[in-house]
Every structure is written in structure tokens, then in C-alpha cells.
Amino acid sequence: MDNNTMQKIISLSKRRGFIFPSSEIYGGIEGFWDYGPLGSLLKNNIKKLWLENFVQKRKDIVLIDGSVIMNTKVWQASGHLSAGFADELVECKKCKKRFRFDHMEELKGKEFEKNWRKCPECGEIIKEIPRKFNLMLKTFVGAIEDDASRAYLRPETAQSMFTNFKNVLNSSRMKLPFGIAQIGKSFRNEINTGNFIFRSREFEIAEIEYFTNPKDDEKFFDLWFKEWNDFILKLGVKKGNLREKEHKKEDLAHYSKRTTDIEYNFPFGWSELAGVANRTDFDLKQHSEFSGESLKYLEEEGGKEFFPYVIEPTIGIDRLFLTILADAYSEISGGRAGEKSNTKQEAEVVLKLHKKLAPITVAVLPLVKNKKEITKKSEQVYDLLRNYFVVQYDETGSIGRRYRRQDEIGTPYCVTIDFDTLEDDTVTVRDRDTMKQEERVKISELPEKIQKYLND
Ligand code: GAP
């Protein structure tokens with residue numbers, strides 16, 4: 001894949017209502033995006049499958065939904081207000097643009113000093129010493145704007161799962177090993193955003209803090225890495241487009257003993273999609289020290305008190321969204337055989353999304369729109385199916401063109417109401433991937449049949 005593919009994905013996202021630049025009519029705002037009608041449905045389906053997999057199906061994980069703004073002491077304890085959560089920044093004196101130092105290439109040649117870099121924008125040699133830039137987004141809480149009312153938007157969801165450790169234990173009687181899960185908005189004042197929704201300033205994280213006896217940390221690290229990877233594969237992402245990358249000791253976050261990323265082969269190259277970290281007892285210890293509340297775990301048998309270790313699998317929902325779009329995007333040059341719709345024989349786009357992720361599950365298409373009995377019947381089918389699935393009704397253009405429109409947004413099933421329907425109350429169901437219409441299905445049996453196809 002290449003940059004051209006990325007441009008096609010961005011343009012498809014805008015044209016079909018997956019993603020729009022935020023505040024576009026005012027020229028946008030860098031690093032912020034809006035999910036459109038189809039994008040919101042797809043994103044919701046991703047989160048639904050994540051919750052089903054990691055909360056609903058598991059006995060050892062509970063869900064919370066913490067606030068975005070927390071007491072500022074949380075960020076002192078977690079280390080986010082110190083150098084631990086800062087990137088190195090340099091500014092080009094000529095074009096005034098700012099860049100993340102660690103994303104710039106070292107200059108080769110004796111004439112260059114170690115920290116000199118070439119400005120990616122204007123080519124000037126930047127000679128300044130990089131300075132630390134904290135990534136926390138700030139705001140004020142209450143009517144007075146001073147140091148005391150300064151607050152921060154969370155840069156990760158993890159911290160409310162640590163600060164609520166005792167609340168969860170007391171209210172839900174969980175025993176080690178167990179996890180707290182959360183999906184939520186996070187904010188980082190990134191120096192450079194880019195690659196569409198890959199690096200933005202507002203994004204969603206889905207993560208689990210899995211508390212375990214310290215002696216089992218390695219075992220659960222390996223188990224969670226497998227769980228995380230398996231989940232991404234379960235969403236239909238191709239195995240060959242994923243690889244693992246262990247962080248070097250010197251690159252580890254301030255809280256981590258070990259971190260391994262799952263990288264995806266994005267159109268712009270291999271980059272981090274998800275990760276698993278061993279946060280040890282760093283966070284629970286820090287919060288105990290800073291708050292004065294002990295966050296130790298009391299073992300029932302033996303009465304031993306200790307700080308559990310934490311294994312943290314994490315994934316950015318927006319990056320997963322981009323991964324799913326990029327992985328599902330396919331073009332069939334010269335058009336698909338068998339369905340006459342494409343007289344110019346242009347390349348046809350098919351989003352081969354996992355059927356449960358597709359924003360629209362079924363499209364209802366009357367064969368013709370100028371025969372009242374057919375459109376009336378089609379509306380009845382539309383009304384019936386909407387009780388069970390997200391359905392789109394489309395009567396504009398030739399039937400082939402309408403199939404193409406549904407393929408482009410990944411709709412797995414198209415139900416067509418034709419002249420035979422008026423005789424025997426049956427319809428055809430076309431499958432996106434095979435383009436086949438296996439058998440005629442009775443309208444009354446449609447919901448059950450489509451559910452069965454989805455489960456298969
Ligand atoms: N609690 C651990 C944590 O926050 P992280 O690797 O900094 O770890 C978690 O972030 C995930 O959030 C990443 O794996 C990535 O998918 C996503 N992510 C991080 N920064 C992002 C950004 N600026 N824009 C979009 N997604 C981002």
C-alpha cells in the first residue's frame with residue numbers, strides 16, 4: 001500500500017460520511033476529526049465487539065467509565081506532569097514550524113553536530129537544543145482562572161482504573177487476578193499530528209488494567225499479548241499486516257518494566273496500533289503515597305497485604321478504525337464480472353469489512369422505482385428489517401449501480417424486491433463478497449436468515 005491508497009481512503013471517508021475534518025466550514029482544526037453517519041456506526045460496532053469480547057464474555061473483567069478531568073494530584077502521582085510525559089521539541093527559526101525531535105532523521109556527515117536536524121518543511125538546518133514539551137491539554141475548572149483552578153484533560157484512561165481500584169474491589173468483590181476495562185476519550189497536545197486519524201489530539205483508547213499477583217506478571221503479559229493480537233485478527237485484519245515490536249529498555253515509558261507493541265502495515269508504513277505493558281505496581285504505589293489511601297490488596301487466605309502488579313493491554317480505537325478501513329479497502333480493476341453497472345469499466349471499490357463491523361448490515365433495494373406495488377413492498381421489508389439490523393433503503397439509479405454503492409461502504413447483504421416478490425413474497429439476498437444470490441428467501445424468514453448469515 002502507498003500514499004495514493006491513503007488519499008483514496010481519506011476521500012472515500014469524506015464522500016461516504018465516515019470521517020470529516022472537525023469544524024471544516026471554519027477551515028478545520030489540526031488534530032481533531034468528526035465521525036459522520038457511517039463512521040459513527042462503524043466505530044460503535046468496533047467498541048461493541050471489544051466490550052463483548054473483553055467484558056461480557058469474561059468473568060474476571062468489569063467495566064468502568066471514568067471522568068475526563070480528574071484531580072490534578074492524579075497527574076502528579078502518575079508522572080504525567082513531569083518529564084515522563086513530554087516529547088522533545090525543536091523549532092525551525094526560518095519557517096517557525098515546530099517538530100518532534102525523535103521523529104527527525106539524524107544528519108550524516110562530520111560537519112553536522114549530534115542534535116542538528118534538517119527542517120522537513122523548508123530544509124533549513126535546525127541547530128537548537130531540543131526542549132521538553134508536556135503533552136497534557138490544560139483547562140480551568142470553575143469561575144476563576146488561576147493556578148489553583150488549572151486542570152488537565154486525561155491523556156490516557158488508565159488512571160481512573162487505578163484510583164478506583166479499592167472502589168471496584170469493595171463494590172464488586174473481585175479477586176486477583178482480575179481486570180478493569182474502559183473505553184474513553186483521551187487528549188494529547190501532540191506537537192505534530194498527521195496521517196489522517198492516526199495521530200490526533202483527541203482520540204479514544206480502549207484499555208484494561210489487569211491486576212495480578214507480582215509472581216504471575218510474566219505469565220499474564222504473554223497471555224494478554226496473545227488475547228490482544230487474537231482480537232485484532234478476529235476483526236478480520238490480515239495476519240501478514242501485523243507484527244510485534246518489543247520496546248528497547250531506553251525507550252520504555254516511565255511506568256513500564258516491559259512493553260511490546262502490535263504494529264500494523266499502514267499505507268504510510270509500519271506503525272504502532274496497540275501495545276501491552278507491564279506497569280508493575282508503579283501506579284498503585286504512587287497513588288497510595290500521594291493520596292495517603294492504601295491501595296494494597298488483602299489476600300483472603302493468609303491475610304497478606306501487597307501491591308498487585310498490573311498488565312495493561314491498550315489500543316487506540318481511532319487507529320483500529322483506520323486499520324480496519326485500510327485492511328478492508330480493495331479495488332477491482334475493470335469492474336466485477338457478472339453485474340452490468342459499470343459501462344466505463346472503472347475500478348470498483350469494495351470494503352471487505354467484517355460483517356459485524358459493517359455500518360449498514362442490509363440494503364433494501366426495489367428492482368424498479370416506478371412500480372408502486374414494488375416500492376410499497378420494499379418499504380414493508382425495510383420496516384421489518386429495521387427492527388433487527390441497521391438498514392438502508394435505496395431506490396436511486398440502476399440496480400447494478402446501487403450494488404456498487406453498497407459494496408463501497410461494505411454492506412454485506414443487499415435484499416432486492418422484484419416482480420416475483422409480488423407473486424410469492426420472496427426476495428433475493430445478494431452477498432457482498434461472492435455477489436451470489438443463492439436462493440429466494442421468504443420475507444417472513446428474512447431476519448432469521450440474515451442473522452444466521454452474520455453468525456456464520
Ligand atoms: N495507558 C497506556 C497508553 O496510553 P499509549 O501507547 O500512549 O499507552 C495507547 O496509548 C494507544 O492509544 C496507542 O497504542 C495508540 O493506538 C493510541 N494513541 C496514542 N496516541 C495517539 C494519538 N495521538 N492519536 C490517536 N491514537 C493515539
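User: Which residues of α2 are buried?

Analyst: In this predicted model, the buried residues of α2 are L38, G39, L42, K43, N45, I46, K47, L49, W50, N53, F54 and V55.

User: How many residues does helix α2 have, and what should they span?

Analyst: Helix α2 covers residues 37-56, which is 20 residues. At 1.5 Å a residue they should span 28 Å, and the C-alpha atoms at the ends are 26 Å apart, so the two agree.

User: At what angle do α2 and α8 pack?

Analyst: The angle is about 110°, and the axes of α2 and helix α8 (residues 317-328) are 10 Å apart. Angles of 65 to 115 degrees count as roughly perpendicular, and α2 and α8 are therefore roughly perpendicular to each other.

User: Which residues of α2 and α8 meet?

Analyst: From α2 come G39, L42, K43, I46 and K47; from α8 come I317, D318, L320, F321, I324 and L325. Seven residues of this contact are nonpolar, one is polar and three are charged.

User: How do strands of a sheet pair?

Analyst: They pair through backbone hydrogen bonds, either parallel or antiparallel. Here, three strands form an open sheet in the order β5-β4-β8, and the pairing is antiparallel.

User: Why is one side of β5 and of β8 left without a neighbour in the sheet?

Analyst: β5 (98-100) and β8 (131-134) stand at the edges and each has a single partner strand, so one side of each has no neighbour in the sheet. On average, neighbouring strands of this sheet are turned by 50° against each other, direction ignored.

User: How many bridges join β4 to β8?

Analyst: Four bridges join β4 (residues 86-91) to β8, and the two run antiparallel. A86, for instance, has N134 in β8 as its bridge partner.

Note on methods:
Residues are numbered from 1 along each chain as its sequence is written. This is a predicted model: local features need pLDDT of at least 70, side-chain atom pairs count only at pLDDT 80 or more; totals for chains, interfaces and linings use all residues. Side-chain values use heavy atoms; hydrogens and water are left out. The expected span of a helix is 1.5 Å times one less than its number of residues. Buried means under 20% relative accessible area, exposed over 50%, partly exposed in between (1.4 Å probe, protein chains only). Two strands pair if DSSP finds at least two bridges between them. Axes are lines fitted to C-alpha atoms, for helices over the stretch in contact, and angles run from 0 to 180 degrees between N-to-C directions. Angles under 35 degrees count as roughly parallel, over 145 as roughly antiparallel, 65 to 115 as roughly perpendicular and the rest as oblique. Contact means heavy atoms within 4.5 Å. Ala, Val, Leu, Ile, Met, Phe, Trp, Tyr, Cys and Pro count as nonpolar, Asp, Glu, Lys and Arg as charged, and the others, Gly among them, as polar.
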